[in-house]
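I opened the model to look up a few side chains and their charged partners. These are my entries, in the order in which I made them.

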Amino acid sequence: TLVLRAKMTNQAVLHNIRILDFTWVLAGPYATRILADFGAEVIKVQPLMPEAEGKFSQGYYNTWNRNKLGITLNLNKPQGVALAKKLVGISDAIVENFTPRVMANWGLDYPSLKKVKPDIIMLSMSTMGNTGPWRDYAGFGPTIQAFSGITYLTSFPGKPPIGLGTSYADHIAGLIACLALLGALEHRQRTGEGQYIDVSQVEAMASLMGDAILDYTVSGKPPQPVGNNSTQATPHGVYRCRGDDRWCAIAVFSNEEWQGFKRALGNPSGAEDKKFSSLSSRLDNADELDRLVEGWTREHSAEEVMTLLQEQGVAAGVVQDARDLANDPQLKERGFFIELDHPELGKTISDASPIKLSDNPARYNRAAPVSVQDNDYVYGELLGMSEDELAELKEAGII
C-alpha cells in the first residue's frame, strides 16, 4: 500500500513516515538508513556531546547516518525526557538498540510511550532480546556472532575460531529490523494499531545457521568447522592467483559445472583421472584436487581465472578488497557509488542502497548530520517552540 500510494504521487515510498532514531554504532543506524534512503524523515537523537560516536570514526558515523536529520537532546534530565515524549507524539515509530534497561531507566519504554501515542510503533534491537535470563547482556557484532554459533563454524578443522572479520551480525539484524518495522507500519495502516517489536540480534544471526541445529537434534553431533571446504561441492574454496595476495573463490557443484571447469583449464590430463570422475570421488580426493586447481590459478590473475570459469558457467569470483570495489566496473555501471557534500568532510563517496525500485528509487539528499544541524527545524517548526524557549533549553543543557 505504501508503495502504490507513492507511485501515484511520484513521491518517495516512505515520504509520510517519521522515525525517531535513538540508535548508535551500526545495527540500528543501518536499519534507519534504509528507511531514510526511501524517504522516511528520520530524526537522529544524539547526546549533547556526540564525540563518542561521531569522532570515534567520522567515516563510520557518516556511512550509516546519511539522509537523516540530527538533533541533540540530554535524556539524563527530566526536561529532556519530556521533550523526547513530545517528539514521540509526532512520530510514527521509535527505533533503539540499547540493552533493555536503558530506555526503561529514562521512562521511554514501550508502555510509557504508548500512553503518549497509543498507535506508536517501537522497535528494540538488543543483543539478546527483551526477555530471558541474559536480556541485559551487551554485545557488538563479534560478540553476537560468537553467541550465534557462526564464529565456531568459520574456522578450519583443528584450529581456533577465526570469525567473519567484520560485524556481519549488525547488517543482518538491521535488515530484519527494517523488514519488521515495515510490516508493523503496514499493519497499523490497515488496523490503526501500533505494536512493540523485539528483535534479538543473536537470534537474527542464529537463524542463518541453516540445518546445523536440526542436524544436532537428530544426530546428537554438532557440525564441525570445515574451513573453505564443502560437503556438496569440490573444487570449493579460495585459491591463490598470480600477483601479490590475489585470490579467486571457486565452487563446482554439478557434473555439468565440472565439465565446464575442465574446459576452462584446457582439459588437463590430470583432471581425467578416475578419482575425479564423480562428485563423491572428487570429495574423497579434495586435497589432491585443490593442489591441481591452485597449480593452474597461480599461473593466471584472479580476474583471468574468474573470467575463464564464468565463461564456462562455473561460479567464480575475485576476492576483492576495498580498492577493487572502488574500481569495480559492474558496481559503477549500476550506480552503486554516490557522492554527497558534507559540511565538515567535503565531498564524500559511499555505497548506495542495493534495493532498486523502478518507480520510486532511493534518494540521496544529504550527508550524515552534524551535531545540532536540525535543532531549529525539529524543535522550532515541528514542535512549534519559540526562539526564547529554545534559548532556555540550550542554557539549561537540554539541547
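I began with Arg298, which counts as partly exposed because its relative accessibility is 45% (buried means under 20% relative accessible area, exposed over 50%, partly exposed in between, with a 1.4 Å probe and protein chains only). This is a predicted model, in which local features need pLDDT of at least 70 and side-chain atom pairs count only at pLDDT 80 or more, while totals for chains, interfaces and linings use all residues. Residues are numbered from 1 along each chain as its sequence is written, and side-chain values use heavy atoms, with hydrogens and water left out.

I then looked up the partner of Arg298 and found a salt bridge to the side chain of Glu294 at 3.8 Å, N to O (a side-chain nitrogen of Lys or Arg within 4 Å of a carboxyl oxygen of Asp or Glu). Glu294 is also partly exposed, because its relative accessible area is 21%.

Next I noted the salt bridge between the side chains of Arg366 and Asp374, at 3.0 Å, N to O, where Asp374 counts as buried because its relative accessibility is 8%. Salt bridges that share partners join Arg101, Arg135 and Asp136 into one network.

I searched the whole structure as well, and the search gave 16 salt bridges. One of them, I noted, pairs the side chains of Asp37 and Arg66 at 2.8 Å, N to O, and both of these residues are buried.

Last, I turned to Thr151, which counts as buried because its relative accessibility is 16%. Leaving aside neighbours within four places in sequence, I found Thr151 in contact (heavy atoms within 4.5 Å) with residues including Pro142, Pro161 and Ile162.
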